[in-house]
Amino acid sequence: MFVRIQRAKGVMVVSSMTTNMRPTHIMRQAHYASDALTAVGSMLQNMRMTTSGPGHFLKQWRQHAGLSQQAACEAGIALMEDRVVAEGEEVDIKRLGLTQGNLARIENGKTPYNQRLLEILAEVYRTDVASLIMRNPEDPEGIWSIYDQIPASQRPVALKMLSGLKTGTEG
């Protein structure tokens, strides 16, 4: 006995290759197959949902810096041009892909970024490369957001207090 299940335009079609099967048996197989297909589809959807998103905070950092995509690109290009003049560094600015359209695709996770671009954007946004990837500047409860709000003179004390919490001693 052989049951073939096909999906076409959202409709499940069940056909049997033998005539000695009862209709209820065929329908039961179709029901279980449908459940299995639904479960697999659900798992695939969940996998897509968990891997969706760019996996970085470039857009948030740009917005935190108060820049439009175009302004960020112009600042990055100006920065690279200054380096070429000041340090004699040879850089093909066009190969960096620092355009408004490309930055939009990178921010949306549709185009991959490269290390050189991250370094430029980190300097433009006045942060470090690791923060662009790991830290959302718009998260007010994030440890780095709280640390940034502590006056510079009080930061050593705050670090001692945090270290005390980590080790279970008082700082």
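Ala122 touches Thr127, Asp128, Val129 and Leu132, leaving out residues up to four places away in sequence; contact here means heavy atoms within 4.5 Å. Keep in mind that this is a predicted model, where local features need pLDDT of at least 70, side-chain atom pairs count only at pLDDT 80 or more, and totals for chains, interfaces and linings use all residues. Residues are numbered from 1 along each chain as its sequence is written, and side-chain values use heavy atoms, with hydrogens and water left out.

**Ala122 and its helix**
- Ala122 sits in helix H6; helices (H or I, at least four residues) are DSSP runs, numbered from the N terminus.
- With 4% relative accessibility, Ala122 counts as buried, a label for anything under 20% relative accessible area, while exposed is over 50% and partly exposed lies in between (1.4 Å probe, protein chains only).
- H6 covers residues 115-125, and its buried residues are Leu117, Leu118, Ile120, Leu121, Ala122, Val124 and Tyr125.
- Ala122 and Arg62 are 60 residues apart in sequence, and their C-alpha atoms are 9.5 Å apart in space.

**The two ends of H6**
- Just after H6 comes Arg126, with a positive phi of about 60°.
- Most residues other than glycine have a negative phi.
- Arg126 belongs to the loop between H6 and helix H7 (129-134), and Arg126 is exposed, at 77% relative accessible area.

**The core**
- The largest nonpolar core holds 18 residues, and those with the most contacts inside it include Leu58, Leu103, Ile120 and Leu132. Such a core is a set of buried Ala, Val, Leu, Ile, Met, Phe, Trp, Tyr and Cys residues joined through side-chain atoms within 4.5 Å.
- Helices H2 (58-64), H3 (69-87), H5 (100-107) and H6 each put in at least two residues, and H6 gives the most, with seven.
- Leu103 is in contact with Arg62, Gln69, Ala72, Cys73, Leu121 and Tyr125, setting aside neighbours within four places in sequence.

**A patch on the surface**
- Ile143, Trp144, Leu159, Leu162 and Leu165 make up a nonpolar surface patch with about 530 Å² of accessible area together (Shrake-Rupley method, 1.4 Å probe, only the protein chains shown counting as cover for residues).
- Patch residues have over 30% relative accessible area and no salt bridge, with nonpolar side chains (Val, Leu, Ile, Met, Phe, Trp, Tyr) joined within 5 Å and like charges within 9 Å; a salt bridge is a side-chain nitrogen of Lys or Arg within 4 Å of a carboxyl oxygen of Asp or Glu.
- Helices H8 (143-149) and H9 (155-167) each supply at least two of the patch residues, and H9 gives the most, with three.
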